[in-house]
Amino acid sequence: MGRNIFILICAAGLVLLALAGAQIAGDVSPDANHKIDADLREMLDAGREERIPVIVIFKDCQPQDPGGLEIKYSYRLIPGLAGEASSRTIQEMAKSDSVSAIYFDAFAKTSTPGDDRASARG
C-alpha cells in the first residue's frame, strides 16, 4: 500500500509540474522577447527613454536597414549592425522575422593583473 501511495504522489507532482510549465510558457511573449538579451530587456522594462547602443544580428547574410536604427557600424564577418535605437524601435526590430538577436552594446573593460586602472573599450 505504501508503494502505491508513493507512486500516486509522484504522479500528482509530475502533473502539477507540467501544468505549471504550461502556464509559464503561456505567459511568455512570442519569439520577439527571446531575441532581446537579458541586459537590454532590463533597460527596456525600466522604461529607458534615451537611445540605447545595440548590436542587431540578422538571419540572412546581408543585413538590411531595419529603420529607426542609427547605424554606426556594419560588420563584415557576421550579418549584423551596430548602432543606437529607441526602446520602441528595439521592440519593433525584435518582431521582425529577419532579425535573429538584439544585444546591448556595452563597453568592455580591460586591465592587467596588478593594474588598478581599467580602460574602457567601445
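A: Buried here means under 20% relative accessible area, exposed over 50% and partly exposed in between, with a 1.4 Å probe and protein chains only. The model is predicted, so local features need pLDDT of at least 70 and side-chain atom pairs count only at pLDDT 80 or more, while totals for chains, interfaces and linings use all residues. Residues are numbered from 1 along each chain as its sequence is written, and side-chain values use heavy atoms, leaving out hydrogens and water.

R41 belongs to helix α3, residues 38-45 (helices are DSSP runs of H or I, at least four residues, and strands runs of E, at least two, numbered from the N terminus). R41 counts as buried because its relative accessibility is 19%. Leaving aside residues up to four places away in sequence, R41 touches N33, I36 and Q91; contact means heavy atoms within 4.5 Å.

Along α3, L40, R41, M43 and L44 are buried. They line one face of the helix, because they fall within an arc of 160° seen down its axis (the arc of the directions from the helix axis to the C-beta atoms). The face turned away from that side carries the exposed residues A38, E42 and D45. The buried residues of α3 pack against α2 (31-35), β1 (52-58), α4 (87-95) and β4 (99-104). After α3 comes G47, with a positive phi near 80°.

In α4, the buried residues are S87, T89, I90, M93 and A94. Their arc around the axis is only 165°, so they lie on the same side of α4. Exposed R88 and K95 are on the face turned away from it. The cover over the buried residues of α4 includes α2, α3, β1, β3 (80-85) and β4.
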